[in-house]
Amino acid sequence: MNAHTQTPAIAAPAPLVDPFGRAVSYVRVSVTDRCDFRCVYCMSEHMTFLPRKDLLTLEELDRLCTAFVSRGTKKLRITGGEPLVRHDVMKLFRALSRHLASGELEELTLTTNGSQLARFAGELADCGVKRINVSLDTLDPDRFKALTRTGDLARVLAGVDAALKAGLKVKLNAVALKGGNEDEFIPLVRFAHERGMDMTFIEVMPLGELEGPARVDQYLPMTEVREKLAQAFTLTEIDYRTGGPARYMRAEETGGRVGFITPMTHNFCESCNRVRVTCTGTLYMCLGQEDAADLRAPLRESADDQLLHAAIEEAIRRKPKGHDFIIDRATQAPAVSRHMSMTGG
Ligand code: SAM
Ligand code: SF4
């Protein structure tokens with residue numbers, strides 16, 4: 001073979017590493033800003049959602065995720081808004097499952113409020129999804145209605161059952177809310193552990209303007225959650241990690257795991273391996289900072305992915321060292337103006 005006929009070796013695209021040496025291996029993609037719930041800590045009651053034309057199509061979302069996978073992303077989390085209310089979202093899961101089959105992607109997962117899980121659990125398992133996060137702040141139907149404004153607890157619990165039946169590992173996530181679900185931390189752990197699920201608690205973060213209570217009146221530091229749990233459980237530190245920000249302990253009485261996500265009291269930025277993409281293709285290099293990069297324009301400007309890769313590389317070079325959230329009486333404004341439903345959890 002002479003030099004002219006030889007196929008030039010295509011260098012594998014370099015993995016994405018930020019200026020602080022942290023490899024970006026975990027991407028959370030919000031596929032919609034819409035939701036069938038209006039959780040009091042997440043959204044206002046009257047939200048204005050984005051016009052559909054601004055949203056990335058499912059094909060564009062696939063291209064975007066695939067670009068990240070080719071640059072070293074090992075874990076993709078599909079989120080929202082409520083990801084399972086996006087029309088035809090299973091087509092995206094189906095398409096992305098090819099990266100699991102090829103071994104390039106290690107995990108495809110989602111965060112959901114559970115309202116549509118009974119319908120989709122089997123298909124998710126079929127697409128190679130192994131573990132999912134379901135948000136559940138309370139086991140009391142009236143309180144559930146009050147916290148979510150529109151949700152039906154029985155439907156979510158049926159969704160959780162369906163997921164377990166489909167063989168999915170389920171982790172329950174509860175936001176710790178002062179005066180909201182403080183008296184339920186112990187029952188939530190028992191409920192989860194009786195069904196073989198992990199139970200994780202999250203500190204409320206100052207994201208987006210709300211109509212309801214001030215953040216400072218919602219906020220409960222994780223130290224207080226632990227104190228409450230200690231009334232019923234002996235918690236032992238364990239090494240278990242899932243590639244996300246949660247730190248886990250074992251409740252000796254049940255043998256189950258309890259996770260703690262502490263963006264406020266213990267900032268975990270030094271080991272951050274994540275970036276987030278909104279449903280309009282805006283890449284946020286940090287959940288708690290405003291700086292972002294538009295990936296929709298490069299996606300739409302050309303059918304090949306060169307511009308997209310260049311935009312991603314340029315953005316990762318600007319990934320900040322960390323966030324510094326503050327919730328106190330003097331700091332009334334949110335750290336960032338966008339709601340959690342915009343960036344995705
Ligand atoms: N709708 C899905 C759900 O609820 O699981 C996925 C999106 S939701 C924005 C993701 C997670 O963010 C949920 O567990 C929710 O409880 C959490 N969340 C929303 N707003 C938050 C806030 N201000 N602080 C902390 N967690 C928040
Ligand atoms: Fe919807 Fe999830 Fe936000 Fe609740 S936390 S309003 S379920 S996006």
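## Polar contacts of ligand 1

In this predicted model, an N or O atom in the side chain of Glu-82 lies 3.2 Å from a nitrogen atom of ligand 1. The backbone also takes part: a polar backbone atom of Gly-81 is 3.0 Å from a nitrogen atom of the ligand, and a polar backbone atom of Thr-112 is 3.1 Å from an oxygen atom of ligand 1. Of the 540 Å² of accessible area that ligand 1 has on its own, the protein covers 96%.

## The surrounding shell

Ligand 1 is surrounded by 17 residues, the closest being Tyr-41, Gly-81, Thr-112, Ser-135 and Met-205. By class, the shell comprises six nonpolar, eight polar and three charged residues.

## Strands β3 and β4

Strand β3 spans residues 107-112 and strand β4 spans residues 131-135. These two strands pair in the parallel sense, over three bridges. In general, the strands of a sheet pair through backbone hydrogen bonds, in either a parallel or an antiparallel manner.

## The sheet as a whole

Twelve strands form an open sheet with mixed pairing, in the order β7-β8-β9-β6-β5-β4-β3-β2-β1-β10-β11-β12. From one strand to the next, the twist averages 25 degrees.

How values were computed. Residues are numbered from 1 along each chain as its sequence is written. Chains are lettered from A and ligands numbered from 1 in the order in which they are written. This is a predicted model: local features need pLDDT of at least 70, side-chain atom pairs count only at pLDDT 80 or more; totals for chains, interfaces and linings use all residues. Side-chain values use heavy atoms; hydrogens and water are left out. A residue is near a molecule or strand if one of its heavy atoms lies within 4 Å of it. A polar contact is a pair of N or O atoms within 3.5 Å; within protein, one must be able to donate a hydrogen and the other to accept it, and residues adjacent in sequence count only if both atoms are side-chain atoms. Accessible areas come from the Shrake-Rupley method with a 1.4 Å probe; for residues, only the protein chains shown count as cover. Ala, Val, Leu, Ile, Met, Phe, Trp, Tyr, Cys and Pro count as nonpolar, Asp, Glu, Lys and Arg as charged, and the others, Gly among them, as polar. Two strands pair if DSSP finds at least two bridges between them. Helices (H or I, at least four residues) and strands (E, at least two) are DSSP runs, numbered from the N terminus. Axes are lines fitted to C-alpha atoms, for helices over the stretch in contact, and angles run from 0 to 180 degrees between N-to-C directions.
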